Amino acid sequence: MGYLMTAQNNIAEEVAWIVGDEAIYKSDIEEQYQQLQYERTPIDGNPYCVIPEQIAIDKLFLHQAKIDTIEVANSTVQQSVDARINYFIANLGSKEKVEEYFRKPLPELREQLMNTVRDQYTIQQVQSSLTKNVKATPSDVRKFYNSIPKDSLPLIPKQVEVQIITINPIIPQQEIEEVKSRLRDYAQRVNNGESDFSTLALLYSEDGSAMTGGEIGFKSRNDLVPEYANVAFNLNDPKKVSKIVETEFGYHIIQLIEKRGDRINTRHILLKPKVNQKDLDSAVAKLDSLRKDVVANKYTFEQAALYVSQDKDSRNNKGLMMNPQSHTTLFEMADLPDEIGKVVDKLQVGEMSEPFITINQSNNRQQVAIVKLARRIEAHKADLAEDFQVLKEMYETKRKAEIIDEWVTAKQKKTYVHISDGWRNCEFKYQWRK
């Protein structure tokens with residue numbers, strides 16, 4: 001076994017691998033294993049074989065990044081780390097529990113994540129540079145499709161095209177004033193030193209950040225909606241609370257935590273005015289009347305969507321919903337919002353639903369909708385004509401993986417590697433020079 005005495009605390013640190021002139025320590029492997037377990041990432045094989053080999057491969061890419069002078073913007077790394085730490089806090093319940101789980105104080109965990117995330121982004125840039133010229137031609141896709149045994153063709157899940165018309169009921173002014181009154185009370189209690197902002201956020205905020213005391217992590221202006229950013233970036237006193245800010249999500253009060261260059265960390269309390277039942281019923285009645293007119297052929301669904309629908313993303317596109325993941329009008333059933341998916345699943349092609357209450361995905365408020373099933377493509381084996389784009393992406397993904405694999409094979413053959421006793425009894429993916 002190889003060991004190294006650390007200068008800081010004289011603890012013997014076991015060296016598992018050496019790649020080039022860099023060591024891979026047992027503690028590196030254990031920490032990555034713990035992280036993968038927390039994220040429930042499956043490991044294909046013995047973790048004490050798979051993980052050190054992957055770290056070794058990463059070091060090959062990082063060495064290439066130095067040669068190519070690839071650098072990652074600090075703001076990009078910071079944003080990703082903030083999001084990850086906020087995720088840990090939300091899932092484990094508090095900063096203290098995060099420190100207990102990872103067995104280190106939060107500043108130390110943050111520094112470790114900064115290094116890890118920076119390396120991840122750097123490796124991605126090297127790989128992107130290696131594969132940037134991969135672009136499939138129709139001939140490539142056709143050859144790829146023909147090379148796949150017919151009984152091994154991928155299964156394309158059921159997909160649908162859905163048209164939608166929505167109405168967003170007006171929120172009563174009295175409800176808005178009540179929400180503002182509550183926020184003014186919270187702000188006054190914090191400004192007077194009577195209450196802690198993070199405690200009030202935990203108790204009353206209707207945003208997911210409530211679990212972290214309203215803290216949202218370091219953000220740039222572009223990461224925030226304009227109304228929030230304009231107020232947040234003008235705050236200077238961490239002990240004071242902002243004026244009430246209205247955004248598409250509701251009404252906020254904001255407290256500054258820290259400014260760091262062009263990024264800012266704030267906490268906020270969000271309250272959302274509620275639609276009352278009377279206005280929901282009125283919107284249902286309006287869409288029910290509109291549905292009857294469409295059924296009676298007074299006008300088409302597409303015309304109704306254009307002139308009545310308040311869904312800004314679909315009304316100018318014949319009412320067709322756009323899938324934000326694929327940027328097409330096709331959805332797998334699991335990708336539709338829950339309430340819409342349940343309704344669509346019961347419709348025949350060309351059939352229109354009754355009005356129903358759903359949640360606006362952009363601001364999480366109740367709205368009323370009717371939907372029409374424009375098209376359904378049943379689950380099927382991939383077909384060259386029908387699923388060309390899917391097959392093109394599959395081919396490009398496969399070709400990129402091949403290029404990266406060829407690069408790693410060539411690079412590791414030229415790189416000095418020493419694997420310590422106790423770490424060699426593995427079936428590695430690559431033939432390392434030991």
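## A loop residue to start with

Gln 361 counts as exposed, because its relative accessibility is 58% and the cut-off for that label is over 50%. You'll find Gln 361 in the loop between strand E11 (356-359) and strand E12 (366-377). Pro 337 sits 24 residues away from Gln 361 in sequence, and in space the two are 7.8 Å apart, C-alpha to C-alpha.

Keep in mind as you look around that this is a predicted model.

## The whole chain

Now let's step back. The protein chain has 434 residues, and 42% of them count as buried. It's built with 13 helices and 14 strands. Along its principal axes, the C-alpha trace spans about 80 × 70 × 35 Å.

Pick out helix H5 (residues 106-131) and helix H13 (residues 388-413): they pack with their axes 9 Å apart, at an angle of about 110 degrees. H5 and H13 are therefore roughly perpendicular to each other, since angles from 65 to 115 degrees get that label.

Which residues make the contact? On the H5 side it's Gln 127, Leu 130 and Thr 131, and on the H13 side it's Lys 400, Ile 403, Ile 404 and Trp 407. Sorted by kind, the residues of this contact come out as four nonpolar, two polar and one charged.

## Around helix H3

Helix H3 (residues 74-92) is where Asn 86 is found. Is Asn 86 buried or exposed? It's buried, because its relative accessible area is 17% and the cut-off is under 20%. Leaving out residues up to four places away in sequence, Asn 86 touches Thr 212, Glu 215, Ile 216 and Gly 217. Take Gly 217: it is 131 residues from Asn 86 in sequence, yet the C-alpha to C-alpha distance is 7.3 Å.

## Rings

The structure holds 11 aromatic pairs. One of them is formed by Phe 88 and Phe 102, a tilted pair with 5.0 Å centre to centre and 45 degrees between the planes. Phe 88 belongs to helix H3 and Phe 102 to helix H4, so the pair ties together parts that are 14 residues apart in sequence. Both Phe 88 and Phe 102 are buried.

There's also an aromatic cluster, made up of Trp 17, Phe 428, Tyr 430 and Trp 432. And if you go to Tyr 145, you'll see Lys 150 lying over the face of its ring, 5.0 Å from the ring centre.

## Two residues with positive phi

Have a look at Arg 103, in the loop between helix H4 (95-102) and H5. Its phi is near 60 degrees, a positive value in a residue other than glycine. Arg 103 is exposed, because its relative accessible area is 73%, over the 50% cut-off.

Where is Lys 318? It's in the loop between helix H11 (301-308) and strand E10 (331-332). Phi of Lys 318 is near 60 degrees, a positive value, and this residue isn't glycine. Lys 318 is exposed, with a relative accessible area of 56%.

Note on methods:
Residues numbered from 1 in each chain as written. Predicted model: local features only at pLDDT ≥ 70, side-chain atom pairs only at ≥ 80, totals over all residues. Heavy atoms only, no water. Axes fitted to C-alpha atoms, helices over the stretch in contact; angles between N-to-C directions. Helix = DSSP H or I, 4+ residues; strand = E, 2+ residues; numbered from the N terminus. Parallel < 35°, antiparallel > 145°, perpendicular 65-115°, else oblique. Contact = heavy atoms within 4.5 Å. Nonpolar A, V, L, I, M, F, W, Y, C, P; charged D, E, K, R; others polar. Buried < 20%, exposed > 50% of the residue type's maximum accessible area, 1.4 Å probe, protein only. Phe/Tyr/Trp six-rings, centres within 6.5 Å; stacked < 30°, edge-to-face > 60°. Lys NZ or Arg CZ within 6 Å of the ring centre and 35° of its normal.
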